[in-house]
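Here's a quick briefing to read alongside the structure. Take a look at it below, then work through the notes by topic.

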Amino acid sequence: MAAALTVPSSAVDDLPEGTPIVAFDHVSIGFETHKVLTDISFSVARGETRIILGPAGCGKSTLMKLANGLLDPDAGEISIFGRKLSSMSEREVFAMRAHVGMVFQESALFDSLDVEDNVAYRLHEDKVPEDQIHDRVVEALRFVELEKAISKFPSELSGGMRRRVSIARAIITKPDLILYDSPTGGLDPITSTTIIELVVKQRDVSSTTSLLITHRLQDAFTLATHRWDTTTNSMQKIPNGDLDPNTKFLVLNEGHIVFDGTTRELTHSTDPWLKAYLE
Amino acid sequence: MSLFSPEAYAKSVVASVQEYSLLAGRAVGDLFSRPRYIADTFTQMDSIGVGSLPIVVLTGFFTGCVLALQAAVSLKEFGAVNMTGRLVALSMVKELGPVLTGLMVSGRNASGMASELGSMKVSEQIDAMRALGTDPIRKLVAPRIVATVFMLFFLTIISDACGTGGGALIAVTLLHLNGPAFFHTAYMSLVYGDVIEGLTKPLFSGFIIASIGCYYGLTTTGGTRGVGRATTQAVVVSSVLIILCDFLVTQFMIGIFGR
């Protein structure tokens, strides 16, 4: 995107070396009598893509909302960009979210706004001059290859298009962290691959730290085994069976972490439940 | 089948009151700090105020008409049919104008707010708004409260005028009373305290309509069925609270003005 355009200053530039972008420290949360997440601890380093896997209902989306401060944990601490969420005022949490992009499971586009206003939402909130907004929206939509849909309303778009608009809305301010909540959920395999290509492109072109929930193991392993080739402008398999070093996995089951590590460690795990899940 | 627990019910009621109070308090507090969503406030004023105009005009007019007819029947027995204007004006300005306008606007707008925000809640648009760094209370609730309080005040004045006009029309055409005399008795019967009472009520009603509508919208759960439930509850609770508040304000004003 054009360098001269106004974007919020980075939240990670002043962070000391080695400070994780996201850190969960013994986090637990439950709703009424039902415990959803128990004693969750993990961290995500700068530039890392953390894929969160697990059966339906194991607390993945709850974890994602905790990471963005949309839910408060019952116990434990969550730190984003080196700051504890519990020590931030509500105003500071809203300011922190300006550096976080989030793609929701069902896209969560504002149905009374057209695509342009949906993507430009944060720019309007930041009082970016109108003449700059349109250019940046077009640029973000071009990234997701949807610039022709700029004047359409969400109800006129297919599920895959809505997901791509949601990605454009999340990346338009060049966030330091992107949270993808099942970006391929409910989509056909071809559209899912298109979405994963966009995630890979964003990861490799912008080196943005991200958390990604997926139910589709093939999508997760595509992320780990592919990279974005800027010369051909397409997603290519990493040669010699190598893996993307910045892509790691977190596997949840019944609210507990059952695996936290690299792709190779995951595929070589001897844990019987994990082996059964991966098969 | 699980048994009804009075303790759990009482706790849920207290929690709801607490949640509502926090929402209303924060929305009012947000009016005194930036950012303020002025454009959203004007949009809501148009939707709530201009949009409610036909229903308020018609309700006020026909209420005035009915009042004149009913009053004339009773007043005739005492030979005081010329006092019809007084009765219509006092009833409209002090009581029926504010309450009926509040109830009409509640039926139209508390339900609209609850269903709109409820739909946004169940489709994660409220969470998306928060994730995009916008406080939904500041963006959605505060403008609706300002717009409803402001517009209900003027809608009540319009309703009072239409009601008095409707009463006058009936008095002149059906009861064959003298028009100027009707307006003269109406005007002479109203004192400062009556007008203050009639114009204080919509301020409270407007706050109740917007805050209750938004509260039920933002606490919607359970998909489309939940949206329907929230809409119904918003209208029922805001209507009851408007009448309760009307009673309290009336009692308070009688204490101050003595009538």
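Helix H7 of chain B (residues 192-218) runs for 27 residues and reaches 40 Å from its first C-alpha to its last, close to the 39 Å expected at 1.5 Å a residue (the expected span is 1.5 Å times one less than the number of residues). Of those 27 residues, 19 are buried, so H7(B) is largely enclosed by the rest of the structure; buried means 20 or more other C-beta atoms, placed from the backbone, within 10 Å of the residue's own. Keep in mind that this is a predicted model: local features need pLDDT of at least 70, side-chain atom pairs count only at pLDDT 80 or more, and totals for chains, interfaces and linings use all residues. Residues are numbered from 1 along each chain as its sequence is written, while chains are lettered from A and ligands numbered from 1 in the order in which they are written.

**Helix packing in chain B**
- Helices (H or I, at least four residues) and strands (E, at least two) are DSSP runs, numbered from the N terminus.
- H2(B) (residues 38-77) packs against H3(B) (residues 84-122) at about 145 degrees, with the axes 8 Å apart; axes are lines fitted to C-alpha atoms, for helices over the stretch in contact, and angles run from 0 to 180 degrees between N-to-C directions.
- The contact of H2(B) with H3(B) brings together 15 nonpolar, ten polar and one charged residues (Ala, Val, Leu, Ile, Met, Phe, Trp, Tyr, Cys and Pro count as nonpolar, Asp, Glu, Lys and Arg as charged, and the others, Gly among them, as polar).

**The sheet in chain A**
- Six strands form an open sheet in the order E6-E7-E8-E3-E11-E12, with mixed pairing; strands pair if DSSP finds at least two bridges between them.
- At the edges sit E6(A) (100-103) and E12(A) (256-262), each pairing on one side only.
- E7(A) (residues 177-180) and E8(A) (residues 209-213) run parallel, joined by four bridges, and A:Leu179 has A:Leu211 in E8(A) as its bridge partner.

**A hairpin in chain A**
- E9(A) (residues 226-229) and E10(A) (residues 234-237) pair antiparallel over four bridges, with A:His226 opposite A:Lys237.
- Four residues lie between these strands, and A:Asn233 takes a positive phi near 55 degrees.

**Where the chains meet**
- Chain B gives eleven residues to the contact and chain A gives 13; residues are in contact if their C-beta atoms, placed from the backbone, lie within 7 Å.
- On chain B's side there are three nonpolar, four polar and four charged residues.

Technical notes. Contact = placed C-beta atoms within 7 Å. Buried ≥ 20, exposed ≤ 12 C-beta atoms within 10 Å, placed from the backbone.
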